[in-house]
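Subject: Structure for you to look at

Hello,

Here is the structure I said I would pass on. Please open it first, then read the notes below it.

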Amino acid sequence: MSRKVTLSKIILSVILTIIFLIIILKLTVVNTSKENVNSEKPITEITLVTSWGGMDTHSFQLEKIISDFESKYKDIKIINKSRENDNFLFALKTDFAQGNDPDVFGLWPGTDIVKLINADKVVDLTDVLSKDKTWKNSFGENGLKYNIYDNKIYGLPVEVIYEGLFVNKDIFDSYKIKIPETYEELKTAVKKLKENGIIPIAYNSSPEGSYLYQNIIMKLGGEESVKNPFKGDKIDSVYIDAMKYMKELYDLGAFPTNAFLLDDKGRNNLFLNKKAAMIVQGSWFIGEGAVSANDRSVDLVPFPNFKDGKAAKKSIIYGIGNGNFHISKKAFDDSQKREASIKFLKYLTSIDVVKQLRDSSGSICNIKGLERGENGTLIMKGYSLVDNAEQLIGPPDSYFERTPWENVVVNKFPNVLEGKITPEEVFDKKNMELCK
């Protein structure tokens, strides 16, 4: 009997020992797991807003850049909220107005960024750059100056843009039409193209479609009228005169019959599919999703001159594009987001990353050592356009408040072109109060 009791005790003891060991083992695994979790850095999310979304030529490259960055910095997650150009600015301003400030965002120089700076929404990067001289010195001074307000640096520019007249040279050659250098030659080309069933100019009544109007303003008024559109409570007369030239082109049949219904993609496709002979566009029109850099059937020339125009003959619209990056004050005030935002901005403006952006479009870089690429006929023509320009003049819409530019100027174009209102009525006293 005693042997049985002893054996039972031994078995019970072994069972209890095994159970104890299992519990210890489980606790060890759990604690080790907790230690591993606690040892990992928390994920910091950074929101990015640019106009490089949708069908933009930089869209694909931006996604790849973000993926590569996240692979390198596994504790940072980039939330890309980029949109296409026409939807971009309204959404960005709405985000700021509603307190949903993005952490890093792209925005060209002009009245919109000045307003955000004055509202203390954008961080002064002067001290950040002074701590990293190599980073600061990587930017071209001519581009950096566009971001200096009250001797403080608020943005980092990597993309220089220009605008010009893109021409389907093969169409002009087929009908023996001269590529226009003057407005009179432009009208002659429009008439001949119309006679042969070709849409002369791919145009639509959108903000991007207004590049045609803006180039007319630039050639008529020169730098002075572009930079100073308001004369007291009135608009500079060239803005009215330019609308009258647009009306003349419309009456000649220069634009698509459905111009007021076309979206930007539809307008661009008219040119890309050889249904339209000309389009006024920017450097970003060269690259993925747009005209191929090696398309020898396309030419790029300055917009035609006007007999009494004040701009030099080879003047072009030129400036800093959306590859002009800022950090919001809200992000900078959060120590964790500040560090992550600076890391991302350094990566985004690094020479290797900017080279990817440069090689995917016709834009010129503002990073030293990367100013010029070597690929693509049209890219080289863009460089030539800039090199031979007698004046480099900023985009007229950057000297307006963007909302009134779109609501007062762009949206009223159909009525002006159809003769329902006059250009003078567009810029009447009431509308001028909205624009200024």
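A residue is called buried here when its relative accessible area is under 20%, and exposed when that area is over 50%. Keep in mind that the model is predicted.

Start with helix α4, residues 111-118. Its buried residues are Asp112, Ile113, Leu116 and Ile117. Viewed down the axis of α4, these fall within an arc of 135°, so they line one face of the helix. Lys115 and Asn118 are exposed on the other side of α4. After the helix comes Asp120, which has a positive phi, near 60°.

Next, the sheet. It is open and has 5 strands, in the order β2-β1-β3-β14-β6, with mixed pairing. β2 (76-80) and β6 (156-157) are the edge strands, each pairing on one side only. Within the sheet, β3 (residues 104-106) and β14 (residues 324-327) are antiparallel and share 3 bridges. Val104 is opposite Ile327 in β14. Helix α14 (residues 335-348) lies across β1 (44-49), β2, β3, β6 and β14, and runs at about 50° to β1.

Is it buried, exposed or partly exposed? Glu223 has a relative accessibility of 32%, so it counts as partly exposed. Leaving aside residues up to four places away in sequence, Glu223 touches Gln391, Leu392 and Ile393. Glu223 and Ile393 are 170 residues apart along the chain, but 5.8 Å separates their C-alpha atoms.

Regards

Definitions and conventions
Residues numbered from 1 in each chain as written. Predicted model: local features only at pLDDT ≥ 70, side-chain atom pairs only at ≥ 80, totals over all residues. Heavy atoms only, no water. Pairing = 2+ DSSP bridges. Helix = DSSP H or I, 4+ residues; strand = E, 2+ residues; numbered from the N terminus. Contact = heavy atoms within 4.5 Å. Axes fitted to C-alpha atoms, helices over the stretch in contact; angles between N-to-C directions. Buried < 20%, exposed > 50% of the residue type's maximum accessible area, 1.4 Å probe, protein only. Arc of directions from axis to C-beta.
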